[in-house]
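Thanks for sending this one over. Here are my notes, point by point, to read alongside the model.

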Amino acid sequence: MAPTLLRVDGVAKHFGGVAAVDGVSFEVNNGEIVGLIGPNGSGKTTLFNCVTGYLHPEPPSRVEWKGRNIVGCRPDEIARLGIVRTFQDARVFRAMSVMEGLLMAIQQHQEDRLWPRFFKTRAIRDSEADAQGRAARLLDMIGLSRFADAPIGTLSYGQRKLFILIAALMPMPDIVLLDEPVAAVNPVMIDHIKGYVQELNRQGMTFLLIEHNMDVVMDICHRVVVLDHGLKIAEGTPDVVRNDNRVIDAYFGV
Amino acid sequence: MMPALTRFSTSQPGGWGRAGRLTWWLIVGAALIAWPVLIPSDYAIGVAVTALIYVALALGFDLIAGRVGLLSFAHPAFFGIGAYVAALLALHWGIGFELRALASIVCAVLAATVIGIPCFRLTLHAFAMGTLGFAQIAYVVALGWQDVTRGPLCLPGVPPVDFGFGRWHWSAGSLTDYYYVGLGLAVLVFISVRQVTSGRIGRAWKAIKEDELLAAAEGVPLLKYKLLAFAIGAGIAGVTGAFYASYATLVCPTEVALTYSVNLIIILYLGGRASILGPILGAVLFTALPEYLRVAQEWRLVFYGVLIVVGSVYMPEGIVTWVSERIQQTRTRQRGKDGNGADITTR
């Protein structure tokens, strides 16, 4: 059994009396692809925000990262621990060039003291060169090398989704939390993104992903956690979950 | 393998080579050094010193208002703190300029940290209001704390800029001396700002400006980087204040007043934000223009108003940004014509 990376333990978050997430628990092990699904408003993104520090879940919620409780940490601290997330609405730094955006994605994970950065010491220049090399390889992998100097804002929506995926990989995280990686993307691009996630997983990357596209979820996830009204209603392999009556009710029932 | 990577250079593909840039810098440098000799009127040199003071202030102000994109009204307060601290140290204890300047920087940076930590918890507009409140408090203190500041009577007789090293001692006497000290200050500020904005710190600021949530997701500690921009800007304003106190020999509460904030905002919007040339151009135009417009003194403010309105309609990002965008467009079009634009469409 692979070691547990992330343990979500009784996480709860209320907004004005309404439970957005109501005591959800599950684990993500090293090397897994775990899907987080559920109807709109079931609390998936709220849960992501609780894990990544954008929202503070209520006590006694626990989010354990490699055994350490990270509830109360800031988003940037959590990111630097090796938990990288993406956003639903394809957030990017539109004004930066594609290369600069990738360098941005890794720089805070490298030497982050201010004095070396101000004086641009040898160490900083070396790590910048390393980062450029890594960015070039990732761009090459997704076939966007020729856009390296173009502003990110000029990429098409599908290309932007690909860019977001490799930007998440830039800092060599331990886990990537993808919020709807293929939403509103054309079928060909969906296959590409799916392929990259699977390929990266074969190389050892762990993923936790929110996705509404059931074909993608059932295809690539090792395990699926299903939320409805802030509660976990099912968990298991895609086959088990697909045939679970409560899941079918939540998606298609009254 | 390595040569292939050069394609991914992050620097803008410039039109000039290294030699061209060096020549350009030499010409600008020579012109700046020769200025008092070329135009040896006290009046012209005085205008130039004012311009240099505004260049330093605007470059520091741009770090927070342009690079991080948070409008602050506290900048003149930091300038005023620097000026008062330097004047008081000189008048009461006869402390030399180096130490006065250092103390001014330290006090301004401390003030920036103390008001920055609460103010950065506020959102965009509330941040501006918070700094405005601080600026007003600073003004009221300068005006009302008469035991120390003498209030509206000002602090006169601030001794000149002087440097001492062992037995060697130099003290600024003429206007030309002040021009060169001011030039040195502006150049130092220019180098520091360029150094800090061209690397990873500048990139983190750019990220914060565009999208704070995403910047945090990529590991940027927001408060630390905002405070850094604020504090560096404040330090620059502080040392500029120390210089100004000696240059004017007089420090008044009006130095802390809101008009300076308005001036700095005009400079940034005129010249261009989040660039190194924008604040410089803005500062030079702002100080030089009214001197040429002296013939119509009473119309000066009206002219400014019109300039700002026309500028924000046609060049909302300032002159420098506007021009560089035009150059970029022409270059892209040119590349398309030459057929070298293939790197976008094919291959």
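1. Both faces of β8(A) are covered, with A:Thr206, A:Leu208 and A:Ile210 buried on one side and A:Phe207 and A:Leu209 buried on the other. Because five of the five residues of this strand (206–210) are buried, β8(A) is largely enclosed by the rest of the structure. Buried here stands for 20 or more other C-beta atoms within 10 Å of a residue's own, with C-beta atoms placed from the backbone. Helices (H or I, at least four residues) and strands (E, at least two) are DSSP runs, numbered from the N terminus.

2. A word on the basis of these notes: this is a predicted model, where local features need pLDDT of at least 70 and side-chain atom pairs count only at pLDDT 80 or more, while totals for chains, interfaces and linings use all residues. Residues are numbered from 1 along each chain as its sequence is written, and chains are lettered from A and ligands numbered from 1 in the order in which they are written.

3. What are the neighbours of β8(A)? Strand β3 (residues 33–37) of chain A pairs with β8(A) in the parallel sense over four bridges, and A:Ile33 stands opposite A:Phe207. Strand β7 (residues 175–179) of chain A also runs parallel to β8(A), joined by five bridges, with A:Thr206 as the bridge partner of A:Ile175. Pairing requires at least two DSSP bridges between the strands.

4. Together, β7(A), helix α7 (residues 187–202) of chain A and β8(A) make a right-handed β-α-β unit. Right-handed means that, with the strands pointing away from the viewer, the path from the first strand over the helix to the second runs clockwise.

5. There is also an antiparallel open sheet of four strands in chain A, in the order β2-β1-β4-β5. β2 (18–29) and β5 (68–69) of chain A stand at the edges with a single partner strand each, so one side of each is left without a neighbour in the sheet. Two bridges link β4 (residues 62–65) of chain A with β5(A); A:Glu64 has A:Asn69 as its bridge partner.

6. Finally, the chain contact takes 31 residues from chain A and 27 residues from chain B, counting residues whose C-beta atoms, placed from the backbone, lie within 7 Å. On the side of chain A that touches chain B, α2 (75–80), α3 (98–107), α4 (114–119) and α5 (122–142) of chain A each supply at least two residues. α3(A) gives the most, with six residues.

Definitions and conventions. Contact = placed C-beta atoms within 7 Å. Buried ≥ 20, exposed ≤ 12 C-beta atoms within 10 Å, placed from the backbone.
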